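Here is a briefing on the fold and packing of one protein. Please look over the model before reading on.

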Amino acid sequence: MNAPVLVTGGAGFIGSHLVTRLLAAGRAAVVLDDFSTGAEANLAAVRGHPGLRLVRGRVSSCPELPALVRKASFVFHLAASVGVDLVVQSPLATIENNLTETRAVLEAATARRTPVLITSTSEVYGRSRNEVFREDDDLIVGPPSVGRWSYACSKLLDEFLALACGRERGVPVVVTRLFNTVGPRQTGRFGMVLPRFIEAAQAGRPLRVFGSGAQTRCFCLVDDAVEALLRLAALPAAAGEVFNIGGDEEVSIRELAERVIAGLGSASRVELVPYDAAYAPGFEDMQRRRPALEKLERFTGFRPRTPLHEIIRRTAAGA
């Protein structure tokens, strides 16, 4: 079997879907995960696969990391703090996790210039009021007194580190900004909105919508996100570039809740919850998140197109 692909955070929601695709394509995969937010159950379908190796541990303190990266044909770096709840509750850990783990991967990749794909986030667009977010937009985040922005700043610094490593050390690095990726295996445990709504609707509980519910998002099925990641990884011309990955069907959070209720035939209702009741006082939210996808499509010939009703159905069905 050919040189393995290393996936940090490979037992997480997106990482496990990526690993499954790699193995199905005949690639060997090494998963490095500390299971702080991932779970072995996410890899249940491929447990025992001869092409899979699981290494349990934190990326930055893994003694095998230099060897794992040296032997890898490619590195997908997905290990990071995830979820609004986790970010708001533990801003210090969020900053340390994101910066330390990314730096460790890039340092290890320098030895043999192993190609790396870094997963960043739409959060880096911060307070932007643009109708559509483009990769070359100016980025405006809030003040350091608001913990929410620590995540955006740490991921943005990851991007700077990655691109600087590419320019100064010749490491082929691709940066991707993920927009609300959802699907089977995602949990609402860390505040992810769609699985949280689905769990509530299935249990007949109120769907708690924070704020007015007028804030909008675009949701992307994890299968589409993984397809984009794989295409970018296979494209030498993508090195040194930043790409949005997401859907572009914009929906308000209140409408999303109503569509989940209707799609699941639930008797639940929508309950509006003030931000101050859901989070600490002073919490700030982004009112829109719609990605420009022209660059992704121009480079790869692909853009996510799974409609929202199908995303809801597949997420609820767990398949």
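Predicted model: local features only at pLDDT ≥ 70, side-chain atom pairs only at ≥ 80, totals over all residues.

Residues are numbered from 1 along each chain as its sequence is written, and side-chain values use heavy atoms, leaving out hydrogens and water.

**Overall form**
- The protein has eleven helices and 13 strands (DSSP runs: H or I of at least four residues, E of at least two, numbered from the N terminus).
- Its radius of gyration, taken over C-alpha atoms, is 19 Å.
- The C-alpha trace spans about 55 × 45 × 35 Å along its principal axes.

**Nonpolar cores**
- A nonpolar core joins buried Ala, Val, Leu, Ile, Met, Phe, Trp, Tyr and Cys residues through side-chain atoms within 4.5 Å; buried means under 20% relative accessible area (1.4 Å probe, protein chains only).
- The largest core holds 33 residues, with I14, L18, F76, L232 and I245 making the most contacts inside it.
- Elements giving it two or more residues include β1 (5–8), α1 (13–24) and β11 (242–245).
- Helix α7 supplies the largest share, seven residues.
- Another core, apart from this one, has 26 residues, among them C62 and V105.

**Burial**
- Of the 319 residues, 54% count as buried.

Terms used. Buried < 20%, exposed > 50% of the residue type's maximum accessible area, 1.4 Å probe, protein only. Rg over C-alpha atoms; globule rule 2.2 N^0.38 Å.
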